[in-house]
Amino acid sequence: TIKDSDRLRETIIPVLQESVGSILELEKYDVDVFLICHWIMKPERLRLLRTSLPEGVGFEYWDDATPLGYRLEERNETAKLLVTPITRSLARQHRFVIKEKILDYDFFVNFEDDMLIKGKHI
């Protein structure tokens, strides 16, 4: 990520549009997007995401989804346990969404914000 860049506009939305569009071109799938985010979704960003997806594509999100954990930090020769977001664990959160929605779908595709999945990959 480049300082002062807009990852949502410059990476996430273009990748979503290309991936979803490619899957819809196959004309055999209905597509829903479930976005799992580290950040808290502001209403204007949510509108931007929703309007960037093709008509008929479902959209849900889970913001502030990064798990919390303990991190040991040394300060003034005393050890202190700190509860902090563990961002590397965000990539595992899709399991909870799949568990909740397993009976609603026939097929799940999980990918990160900079991974392009096209219809031919499915």
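Reader: Is Phe-59 buried or exposed, and what is its relative accessible area? Please take me through its surroundings too.

Author: Happy to! Phe-59 is buried, with a relative accessible area of 12%; buried means under 20%, exposed over 50% and partly exposed in between, using a 1.4 Å probe and protein chains only. A word on the source: this is a predicted model, where local features need pLDDT of at least 70, side-chain atom pairs count only at pLDDT 80 or more, and totals for chains, interfaces and linings use all residues. Residues are numbered from 1 along each chain as its sequence is written, and side-chain values use heavy atoms, with hydrogens and water left out.

Let's begin with the rings. Searching the whole structure turns up two aromatic pairs. In one of them, the ring centres of Phe-59 and Tyr-61 lie 6.3 Å apart with planes at 20 degrees, so this pair is stacked. Rings of Phe, Tyr and Trp (its six-membered ring) pair if their centres lie within 6.5 Å; planes under 30 degrees apart count as stacked, over 60 as edge-to-face and the rest as tilted. Tyr-61 counts as partly exposed, at 29% relative accessibility.

Now for the strands. E2 covers residues 58-62 and runs parallel to E1, joined to it by five bridges; strands pair if DSSP finds at least two bridges between them. Strands are DSSP runs of E with at least two residues, helices are runs of H or I with at least four, and both are numbered from the N terminus. From E1 the chain passes through H2 to reach E2, a right-handed β-α-β crossover: with the strands pointing away from the viewer, the path from the first strand over the helix to the second runs clockwise. Asp-32 has Gly-58 of E2 as its bridge partner, while Phe-34 stands opposite Glu-60.

Finally, the buried residues of H1 pack against E1 (32-36) and H2 (43-52), where contact means heavy atoms within 4.5 Å. Among those buried residues of H1 are Leu-8, Ile-12 and Leu-16.
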